[in-house]
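Open the structure in your viewer and keep the selection tool at hand. The tour goes from the whole chain to a sheet and then to a helix.

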Amino acid sequence: MQPDTDEARPVSTPKRPRTTDAPTNGAVNGHVAREKTPEGTPAKKIKSTPKKPTADTPAALKASGLKTPTHKNKAKALFSTPTKQTAAPDTPTKARNADRSAKKKSARLLLEQDEDEIWDGADRLAEEILQDDDDTALQEPTPANSATNEDGVVPSVEAGSEEPAAGDAAAPTPKRRAGRPKGAKNKRSPTPEGDLPAHERYFFQNRAGPPRTSNSNLSKVNLLTHEEYFEKMAQWVDPFQEEKALLLDLHCRSFPQWDFEFDQGFNICLYGYGSKRRLLQEFADWQYRRHSHDNEDDDTTSTAASPPSVVIVNGHTPGVSIRSIFATIVTAVLGADIPSKMGSQPQEVLELLQSSLNARDSDSPPITVLINSIDAPSLRRATNQALLARLAATPQINLLATADTPNVLLMWDLNLRDQFNFVFHDCTTFASFDAEFDVVEEVSALLGRKGQRVGGKEGVEFVLKSLPENARNLYQLLLTELLSASDEGHLSDDEGEDGGGGGARGEDAAGIEFRALYQKAAEEFIASSEMMFRTLLKEFHDHQMITSRMDASGMEILGVPLAREEMEGVLEDLVLA
Amino acid sequence: MDAVLLELDAGAASKDGSQSQGVYIYRPADKIKSSGERPTKRRKVTRTNVPKAANSRPFVSLLNGDEEAKSIELRYRTYQQFWSAQEAKIKGILDDVDSEVLTNVLSFVRSTSPQTYDGCIPAALVTVGSNVSSLGRLLTRLNGQLTTTGEGGVIVLESGDAPNLKTTLKNIIRFGITNTEGNEGYQSFVTDREGPRVLGYDLDLLAEYVKRKEVKKLVLAFRDSEAFDPGILADLLSLLSSWLDRIPLTLIFGISTSVELFEGRLPRSTVALLRGRYFEIHEASNCVDRIYGRIQAEQDGKFWLGRNITSVLFEKSSDSFQTPEAFSRTVKYAYMSHFFANPLSVLLADDAATTIQRDKVCEALRNLPSFRRHCEDTLEEGCAEQVRKLLDDDAFLLEQSAQWLKSGQQKMRDIFQCVDMVQRALKQFNIVKKSSISDLSIRALAGELQTSASYEDILRAIRTLDSDQMKLFAMILPDTLTDSSDFAQIQADFGALLQVYKGTGPLKSGYDKQHSIVATTVVQQRVKLSKAKVKLPKENAEFTNIIDRFYALLEARLEEILIRPNDLVLHEIFLLDMRNPLKEVFSPRPRFAVERALSSPFDYLISSPGSSTVKVSAHQPAAAILYQLYLESGSLVNVHDLWQAFYAVFESEQGSSCDERTAMALFYRALSDLKALGMMKSSRKKVDHVSKTAWMGL
């Protein structure tokens, strides 16, 4: 956020009043501190400002004046300040607002430093922010800026040198703490914490205490439906098409290398951000071309020039099983001679595969298996990985797998790594995962709004129309129970802090226990046996009209993925029908 | 199966359809490119001997694509030649390493039976530690031995084979029978038997197999015995023990932790069924060191791995467990990358001179940094003509470079001989308990062996040698150090001295501790220690003289030999010293790569200048913007605020032209990406919040 501060400030009107007293502040501060420092600032404070000059001879100032800009430069490089021409002076951005509050905060931080000085990073950041502020503030009243460089530099040096010692300088800077309650220093700030090392940042962000995030939620925002998402994405033109194509091309150039690695008995794992389906497709194409080309070259008379067998696996496809992968490879090896019965266990199919590979000529080309997303949830399980490792360890099988997640290496222990015999290549493509993920679905799941899939109220009503009387009655019962339950629950919800969740999420909290619903259903003569009851529920499940989850005690809780208003609507229609 | 077939056909039919398919056999999209008029439908894969030569050139043309096929071929052949030689050495070492354990285990298997153990199952407990691959090697060789003699076989069971008792039994039986009979044999064994049909997990099958084949020993090995479910293992063992009279079983447990821990996991009743012995396989590091020594220090070496690679190799095997196989594969990769990517590696071939393209090769030679440095040095010495000739005359350059190559290789061999000598000397003088050739090699390859502590220790030790030790030491000295007239002279003098010497003990030099006296005198109330040499007998004085000469000579020679290999001319050809392909390829950092791609996308997307300097801007890919905003948030993220911030980025830069819904679509996509990368998951703490699960740089 910091980069914006420099360019945007000159026109930021709200800051005007401060600019006038900033130099005086600096002077006062400087004066006080210059007298103070030699005598008795605590050792810690000295430590934090070891190089700052205490004498005010012009020479010393100049020297330090030279020092400060470099310090600032460093900070700039760190945050990569944009060039001036990109400044948009007339649109106050959110970023700048954030900066302003960051500045207030950092001023406060410096003031209350006595308690806080253990935590060093924020001080530094605060110093930097304030320093920026003072710099520009000083330059503002002298737009002509003919007052020579030194004028600009000198006060900034002072400001810089004073801050750490400014414990007693609260009085001169009252404005910066305006409106802040005194004890609020432990409040979490959403602003970044400066350049903390990664582990410090982790602990900082995970310290105990209630979450300090705003209470705003997405209820006002009109979320995307599948149709709208696809429509928008179809219209959208990727500004990076060229770069991505270049990147892909770059990876394609390593195909001969991969081929050589295969040839030498290695398997390959590609990692990096972006979907690698396209790349794999290209590789398969390339292999096909190359090897059939080779055969033509060297062996034109042989009509039996065989294409390399390439089997492609899409890990993200739901329902892909290890057994089906092995079975397909067996088909690729044996062609039409596949045995009628391969066995139901993946191990058995693998055995069959291995023995049929052994039975082949040693000359026959190896089978190339390309696995998209070997770390996809369905393949991720340890047993599956162990089986894939055994596949990879089979001679005559060349395995190329792609991995999307950053922690993919954790899947494999020493033994598996040994069997996989992977060489790794960074193949960042930046390609979108369109084929892999159902984006809208994923986001809904992330937000806990999965139910929006069904098509809402209309969808449910449509399904209900086609169901028998009994099922409709059951659904009506379920809705009634849920609504009455959520009526009770709602009261307590409102008492809670985050009652803002409101209707959209009401169904998530409300639910009815499976047993209880069955009891009611039996009482109402909707279902005479549990068997029947389950059959009815299954129909709802199939249409995603109900949700079911296990609560902490292991009881099955049934719910409806609809908003409260929608539930009421459906119920109304059901009762009226 | 039909379902799979249908899938396959669909896969062949349309490429688009393949996107949604789980598994399919790939067919190229445009048939024109695939060769000839091959029928497009799936064919039976029959192979009449496709010549192996067709695929034998995986190398690509280098030197800007100007390299000739002949030269590529030669490069490839040289690679194969070099590596197959090294591979044979490695295999020899690996065979040698566990041969002792193998004989022990084999004799254990042969000598024990339930009868000798009072009805208990004979069990060999093999601790492997981190050396996991060794057990596999051991079992393979054991199996080979047992099957060739017809005694029986080894059934290797992994934890994955034992999800439940039924499957475990089925697997045991199947592995046991297919081991000798093959898959068809197993099928026919199960189906073509008399009497009632038995199920696949009926141990009757195995008993009948044993009877029919007259198997004497059936070894059942649990490779990763800790990973087996103890319950299943207990059931299995009790079952097996009841079949012991019909199936002559011996068990082998591979144990990575300790025998006590393994025993502790099993119920006492199960432990009571077992009786056996305990074997230990040595740690991998020892083996790795030996392999490295063989590969690098052999006297027929022509190509070496440099300092950086060596340190990568050993970093990896010391930081994380690494099997010897993995180690040798890493070495192999280093060889591969050298010959694959360095066109000049062709000069390492024996008959390089006849096949190479002179002009191209010479141009490449002249571009080598070491060649340039050499030219500059020569110029400074004032031999401008020589340099001119090197630059102009291709033939002269080739001739010279052949010489340089030879002498460079000789120097490398000398260096490794010295390393070898130092290591042996360290062992002989008992200076350090454990000296590994790898540490010394790294120092030598960096040209720093002279400054190392062990080197100085050796030189110090040489001075205090007595005549017997001296004789021994002279024997371990490599030829390169000894083939000078000076040394021969010293040898001769030494011999003559020993002839004359009549004393009983070995001769001691003047540097020996016995020959110096420590005198204590009290001077001004302070104790003053003064050392004084005793007067030496004549022989000892002469011996001291010899030692002095020897010492000086040795030091001078070593100084001469232990140069920095990277200073040699044309070292780029016979010394591979790049850290990077190896490190990236074998110790990848996928997390770092993803984080880098998202936090500074322009490292990857080479884009128009200017846009790369801004930190967060709408000119970046959506996921990168979102990721950077995400990084700034705390452990709990408000999605609404995240969306607002995301939108603000677009809004501030594109102004009114920014379409909110499109931005939201992008936001959706980025959000789903981050979720898929495991960086956020939904949170129940607050409405519309997600929790952050990844911190950059951790």
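Two residues are in contact if their C-beta atoms, placed from the backbone, lie within 7 Å. This is a predicted model. Select chain B: among its contacts between residues at least 6 apart in sequence, 74% join residues at least 24 apart. Chain B has 698 residues, of which 38% are buried. Colour chain B by secondary structure, which comes to 30 helices and 13 strands.

Next, the sheet. Select five strands of chain B in the order β3-β4-β5-β2-β6; they form an open sheet with parallel pairing. At the edges are β3 (152–157) and β6 (274–280) of chain B, each pairing on one side only. From one strand to the next, the twist averages 20°.

Now show helix α4 (residues 99–111) of chain B, which packs on the sheet. Helix α4 touches β2, β4 (217–222), β5 and β6 of chain B, and its direction makes about 165° with that of β6(B).

Stay in the sheet and select β2 (residues 121–127) and β5 (residues 249–255) of chain B, a parallel pair joined over five bridges.

Last, select helix α15 (residues 358–366) of chain B. Its buried residues include V361(B), C362(B), A364(B) and L365(B). Why are these four on the same side of α15(B)? They cover an arc of only 160° around the axis, which puts them there. An α-helix has 3.6 residues a turn, so residues three or four places apart point the same way. To see what covers the buried residues of α15(B), show among others α16 (369–380) and α18 (394–429) of chain B.

Definitions and conventions
Residues numbered from 1 in each chain as written. Chains lettered and ligands numbered in written order. Predicted model: local features only at pLDDT ≥ 70, side-chain atom pairs only at ≥ 80, totals over all residues. Pairing = 2+ DSSP bridges. Helix = DSSP H or I, 4+ residues; strand = E, 2+ residues; numbered from the N terminus. Axes fitted to C-alpha atoms, helices over the stretch in contact; angles between N-to-C directions. Buried ≥ 20, exposed ≤ 12 C-beta atoms within 10 Å, placed from the backbone. Arc of directions from axis to C-beta.
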